[in-house]
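This report goes through one protein model, from single residues to the overall fold. Please look at the structure before reading on.

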Amino acid sequence: MQAALRQCLGRVRWAPRVSEAAPRFRCAGLGSPWGSRCWSCGSPLPGAEGLPHFCPGCQALQPPGPRPDLFRLMDCDRSFRIDAQQLQRRFRSLQRAVHPDRFGQRPPKEQYYSEQHSSLINKAYQTLLNPLSRGLYLLELNGVEPAQETDCDADSVFLTEIMEINEKLADPKNEDILKEIETLIKVKQEELTKDVTAAFERDDLQEAKKLLAKMKYFANLEDKLKNKKMPS
């Protein structure tokens, strides 16, 4: 059955390792490495949490620090349960401060740093907004390797359910069937999200890992469904 399932699924995606003066905007997670100096004027940069990403002397934008904590960057608790509206407000606030459009008249190095920051902020937002990628990132921060394909092989009931949905998706396009599958996937993902939330809150990382592996299967089915619904 496992071999048949993999043939149906293909390979499941397994994770995610200023002409105007620059504002005096501070945020944890952005800025140069601790104890460094401004690339533009050489002024020493504070080296603590709350490190500015603009030089306090010349206001030049500094490069992102290495491997920033995305939760800290987005001003969120390191938790699977997040406030999506707060996350969106933080995203917009950060992008207003460092978006490349603000730096069109600045030196090329500063324009490059702006692009780096903007890309990092986009990555942080998308990672934390999506329950699956947020959960996988939490596992990574806790030193837990993500599940592999074979980790779900023992759950024959789950694998049978996945294979049956794949078989329906392989059938000729039928709008009623596709709607039924769409509803089923949504319900299953909501149930798994609740279970993952509970697992993280009781610090059961291994259970969270197993549940996230199942979420990956449904995320793959969701992608297949979207492709199936696209006009041919």
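## Cysteines, a buried phenylalanine and the fold

C58 has a relative accessibility of 27% and counts as partly exposed (buried is under 20% relative accessible area, exposed over 50%, partly exposed in between, with a 1.4 Å probe and protein chains only). The model is predicted: local features need pLDDT of at least 70 and side-chain atom pairs pLDDT 80 or more, while totals for chains, interfaces and linings use all residues. Residues are numbered from 1 along each chain as its sequence is written, and side-chain values use heavy atoms, without hydrogens and water.

A disulfide is taken as a pair of cysteine sulfur atoms within 2.5 Å, and the count by this rule is zero. C41 is in no disulfide. C41 is also partly exposed, at 39% relative accessible area. For C58, the closest cysteine sulfur is too far away for a bond.

| Cysteine | Closest cysteine sulfur | Distance |
|---|---|---|
| C41 | C55 | 3.7 Å |
| C58 | C38 | 3.7 Å |

F200 lies in helix α7, residues 175–201. With a relative accessible area of 13%, F200 is buried. Its contacts (heavy atoms within 4.5 Å) include F80, G135, L138 and L212, leaving aside residues up to four places away in sequence. S79 is 121 residues from F200 in sequence, yet their C-alpha atoms are 7.7 Å apart.

The protein as a whole has eight helices and zero strands (DSSP runs numbered from the N terminus: helices are H or I of at least four residues, strands E of at least two). Of its 232 residues, 42% are buried.
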